[in-house]
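This briefing sets out selected features of the structure shown below.

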Amino acid sequence: MTRTAPTLFALFGNPVGHSLSPLMHNAAYERMRINAHYMPVCVDDAAEAIERMRRLALRGASVTIPFKTAVMSLLDQVDDTSCTIGAVNTIVRDANGRLAGYNTDWIGLVRGLEESLEINDKTFAIVGAGGAARAVVFGIRQRGGIPLIVNRTPERGEKLAREFDCLAYPLARIAEVSADCLINTTSVGMTPDDGMSPIVKEVLKNFPWVMDCVYNPLQTRLLLEAAQAGCATITGLGMFVHQGAEQIKLWTGQEPPRELMKQVVLKKLEGRDGD
Ligand code: ATR
């Protein structure tokens, strides 16, 4: 019996070795009975990623740090949402070999957040002003929420706030800010810097809800201190799972097993997978 070659997907980034995306995607394809394989590919620059994408005849790819913006000008097409956010995290190759760029981070954020909290008419203090913050602000606006940017470098926060027509505060003045929910979009708190939090714990009581986009570790210092301050907390796991699930939808046209994907990642993060 001959086995047909699997459809190939890749994750382009640098570094990519510790990503949980391959585990999550491959578990989904297995459950969906799709003969596909998703592999991490460490590249030096965006041009190398696109060259490999074309040469290896990949059906699709995820793009992560630090290439989400740099790949945009190398693609044949980029959708309007990615242009507004200024980042592409998903590449789809069509039957003619043309490469199109999309962004699923914003919908991942929206779906992850909506598992706990309705967004419409609520206020959100968004910490950070980089690529992740842009996807979060876009998602909040799409669902009728009111974003407010809080950033360490005030000018960068103000620039983002002008683009999305909202207010900005310097992180140094966060004690003056209150909102329904605070969302950390910086990488502060992520393994291996998991002893850090971007927010002084004394101000957390000003936010009934606190979400961290960091999902490794699941319980970041920010979330632990928020829980101690009496806030309801939301981990970055839902956002991670949903952004990946939306990629699978774009590549296969099918709805992926989101709960299975979440359980596979959760098991790994909690060290219950035997290694
Ligand atoms: P990404 O595209 O992943 O969001 P980025 O563009 O490097 O990454 O943006 C990182 C964000 O995290 C920035 O807003 C950065 O603040 P500055 O604009 O002041 O650089 C923020 N950030 C990084 N380290 C931080 C820290 N220790 N405390 C507070 N904010 C931090």
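A residue counts as exposed when its relative accessible area is over 50%, and as buried when that area is under 20%. On this basis aspartate 121 is exposed, because its relative accessible area is 59%. The model discussed here is predicted.

**Packing of α1 against α9**

- Helix α1 spans residues 21-32 and helix α9 spans residues 258-269; their axes lie 9 Å apart, and the two helices pack at an angle of about 140 degrees.
- Angles over 145 degrees would count as roughly antiparallel, and those from 65 to 115 degrees as roughly perpendicular; the angle of about 140 degrees therefore makes α1 oblique to α9.
- The handedness of the crossing between α1 and α9 is right-handed.
- From α1, the residues Leu23, Met24, Ala27, Ala28 and Arg31 take part in the contact, and they meet Leu260, Met261, Val264, Val265 and Lys268 of α9.
- By class, the residues of this contact between α1 and α9 comprise 8 nonpolar and 2 charged, with no polar residues.
- An α-helix has 3.6 residues a turn, so residues three or four places apart point the same way.

- Helix α4 (residues 105-114) is largely enclosed by the rest of the structure, because 8 of its 10 residues are buried.
- The buried residues of α4 are Asp105, Trp106, Ile107, Gly108, Leu109, Val110, Gly112 and Leu113.
- Helix α8 covers residues 237-252; its axis and that of α4 come within 7 Å and cross at roughly 130 degrees.
- The two helices α4 and α8 are therefore oblique to each other.
- The crossing of α4 with α8 is right-handed.
- On the α4 side the contact is made by Asp105, Ile107, Gly108, Leu109, Arg111 and Gly112, and on the α8 side by Gly238, Met239, His242, Gln243 and Glu246.
- The contact of α4 with α8 contains 3 nonpolar, 5 polar and 3 charged residues.

**Threonine 90**

- Threonine 90 belongs to strand β5, which runs over residues 90-93.
- Threonine 90 counts as buried because its relative accessibility is 0%.
- The side chain of threonine 90 forms a polar contact of 2.8 Å with the side chain of asparagine 89.
- A polar contact of 3.0 Å links the side chain of threonine 90 to the side chain of glutamine 247.
- When neighbours within four places in sequence are set aside, threonine 90 is in contact with Ala61, Ala100, Gly101, Tyr102, Thr104, Gln247, Leu250 and Trp251.

**Histidine 25**

- Histidine 25 is part of helix α1.
- With a relative accessible area of 0%, histidine 25 is buried.
- Apart from neighbours within four places in sequence, the contacts of histidine 25 are Tyr38, Ser62, Gly244, Gln247, Ile248 and Trp251.
- Gln247 and Trp251 are among the residues in contact with histidine 25, and they are also among those in contact with threonine 90.

**Alanine 95**

- Alanine 95 is placed in the loop between β5 and β6 (99-102).
- Alanine 95 has 84% relative accessibility and therefore counts as exposed.
- Although alanine 95 and arginine 59 are 36 residues apart in sequence, their C-alpha atoms are 9.0 Å apart in space.

**Cis peptide bonds**

- Threonine 191 is joined to proline 192 by a cis peptide bond, with omega near 10 degrees.
- Proline 192 is located in the loop between β10 (181-184) and β11 (209-212).
- The peptide bond between asparagine 216 and proline 217 is cis, with an omega of about 5 degrees.
- Proline 217 lies in the loop that runs between β11 and α7 (221-228).

**Positive phi in residues other than glycine**

- Aspartate 121 has a phi near 70 degrees, a positive value in a residue that is not glycine.
- Aspartate 121 is situated in the loop between α4 and β7 (123-127).
- Aspartate 165, likewise not a glycine, has a positive phi of about 55 degrees.
- The loop that holds aspartate 165 lies between α6 (154-163) and β9 (167-170).
- Aspartate 165 counts as exposed because its relative accessibility is 64%.

Notes. Residues numbered from 1 in each chain as written. Predicted model: local features only at pLDDT ≥ 70, side-chain atom pairs only at ≥ 80, totals over all residues. Heavy atoms only, no water. Axes fitted to C-alpha atoms, helices over the stretch in contact; angles between N-to-C directions. Helix = DSSP H or I, 4+ residues; strand = E, 2+ residues; numbered from the N terminus. Parallel < 35°, antiparallel > 145°, perpendicular 65-115°, else oblique. Left-handed = near helix turned anticlockwise from the far one by under 90°. Contact = heavy atoms within 4.5 Å. Nonpolar A, V, L, I, M, F, W, Y, C, P; charged D, E, K, R; others polar. Buried < 20%, exposed > 50% of the residue type's maximum accessible area, 1.4 Å probe, protein only. Polar contact = N/O pair within 3.5 Å; in protein donor to acceptor, adjacent residues only side chain to side chain.
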